[in-house]
Amino acid sequence: MAEKTWVRMVTAQTPTNIAVIKYWGKRDETLILPVNDSISVTLDPAHLCTITTVAVSPSFDQDRMWLNGKEISLSGGRYQNCLREIRARACEVEDKEKGIKIAKNDWEKLHVRVASYNNFPTAAGLASSAAGFACLVFALAKLMKAKEDNSELSAIARQGSGSACRSLFGGFVKWIMGKAEDGSDSLAVQLVDEKHWDELVIIIAVVSSRQKETSSTTGMRDSVETSLLLQHRAKEVVPKRIKQMEEAIKNRDFGSFAQLTCADSNQFHAVCLDTCPPIFYMNDTSHRQVKIISCVEKWNCSEGTPQVAYTFDAGPNAVLIAHNRKAATQLIQKLLFCFPPSSDADLNCYVIGDKSILKDAGIEDIKDVEALPPPPEIKDAQRSKGDVSYFICTKPGRGPDLLSDESLALLHPETGLPK
């Protein structure tokens, strides 16, 4: 190593993802190996993402990390697994301009600092840990000049958070469960990129940004140990659904896609209820989810062909996938009728992300929301102010990327401390 004190930094942005065929249950807790394959859609990082800055310097005396501005411990097994695996793959780094020279063997002695920021609620069922660990692994790999491709990196990110492996790619992604005991073949592959089915529009109804009462880790462990439905699902149901979903995505067959997505979400929550003790991810706000599902199902039925698919992860927030822009415009009108903001709310804070959908729907302010007609397919439709915290409008997006603009770094370039 060059003797001069220096700080080498890398900043990356990684998207989150939403599973349309769910991952629920591990066959190996330590390596995070799933009991079934899963498929997800990557969300546009412009609207939902993690930004992570990683830094290394001979002046750092220990590994440190800050999440959303608060320092957290890196001593946990999942963080240590990711750090160990990337360090083992680190290569020589040289930057003559900054006086940096790191030999391959130096990485074991050097300490890193990590600052990470989610632009969406952490631990609220929006896959924040997936984006977080994917971004950590991707950024560390770039910092240490690891030569592994994103699929190989996904097998490392998986050891931090299972769903993280799917955030190493854009578009639609498949996590192959694998068969090897060491987990070497349990990794993510891209089925299609984000341009393949770019007419899809995704609207997320955030009904609660609170941390889940039952963590996914605890819930999965209980399901594996007690749910007979989970065993049937993993062995008999999911393998067939995976093939059907791959075909639906390949052919942009929204009818099949919607049917499979809704059915798999419903079965996932049925597994949660079949678990002992039962898991109620939608319990405290269940009337809101029932209303959203009922609205979508009645609309799909009235049209004779699916317009929207719904899916719920391990949390109460609804992810609604509209098959095109026209359907998305009608969907936001129906959602805002059923779940209007409070009268004093700022519409710009109530609908975030791609706000152009509001313009397409002819909605510019609260008065336009109040003037919306009731959805014709719902008899005696009631308005429920305050039942939804806010909506996020987004679309399928790209995978992780490096941010070259140094002003976006979360760590100070001289001290390696949070800005």
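**Ground rules.** I am reading a predicted model, so to speak with care: local features need pLDDT of at least 70, side-chain atom pairs count only at pLDDT 80 or more, and totals for chains, interfaces and linings use all residues. Residues are numbered from 1 along each chain as its sequence is written, and side-chain values use heavy atoms, with hydrogens and water left out.

**Domains.** I looked up how the protein chain is divided, and found domain 1 (2–192 + 403–408) and domain 2 (201–394); such bounds come from an automatic or database domain assignment. Their C-alpha centres lie 28 Å apart. To the contact (heavy atoms within 4.5 Å), domain 1 gives 30 residues and domain 2 gives 49 residues.

**Interface.** I noted that the size of an interface is often given as the accessible area lost when the parts come together. Here domain 1 and domain 2 bury about 3,100 Å² between them, with 71% of it on carbon and sulfur atoms. Buried area is the accessible area (1.4 Å probe) that two parts lose on being put together, summed over both. Which residues of domain 1 lose the most area to domain 2? They are I21, K22 and W24, together 27% of what that side buries.

Next I checked the charges and found 3 salt bridges between the two domains, a salt bridge being a side-chain nitrogen of Lys or Arg within 4 Å of a carboxyl oxygen of Asp or Glu. K22 forms a salt bridge with D313, and the closest N and O atoms are 2.4 Å apart.

I then asked which strands supply the side of domain 1 that touches domain 2. β2 (17–21), β5 (38–42), β12 (172–176) and β13 (187–192) each supply at least two residues. The largest share, 4 residues, comes from β2. Strands (E, at least two residues) and helices (H or I, at least four) are DSSP runs, numbered from the N terminus.

**Sheet.** I traced an open sheet of 6 strands in the order β8-β7-β11-β6-β1-β19, with mixed pairing; two strands pair if DSSP finds at least two bridges between them. β8 (70–72) and β19 (401–402) stand at the edges with a single partner strand each, so one side of each is left without a neighbour in the sheet. Strand β7 (residues 64–67) runs parallel to β11 (residues 111–118), joined by 4 bridges, and W66 has A115 as its bridge partner in β11. β7 and β8 pair in the antiparallel sense over 3 bridges, with L67 opposite K70 in β8.

**Backbone details.** I reminded myself that most residues other than glycine have a negative phi, and most peptide bonds are trans. β7 and β8 form a hairpin with 2 residues between them, and N68, in the loop between these strands, has a positive phi near 50 degrees. The peptide bond from C276 to P277 is cis, with omega near -5 degrees. P277 is in the loop between α6 (254–274) and α7 (286–303).
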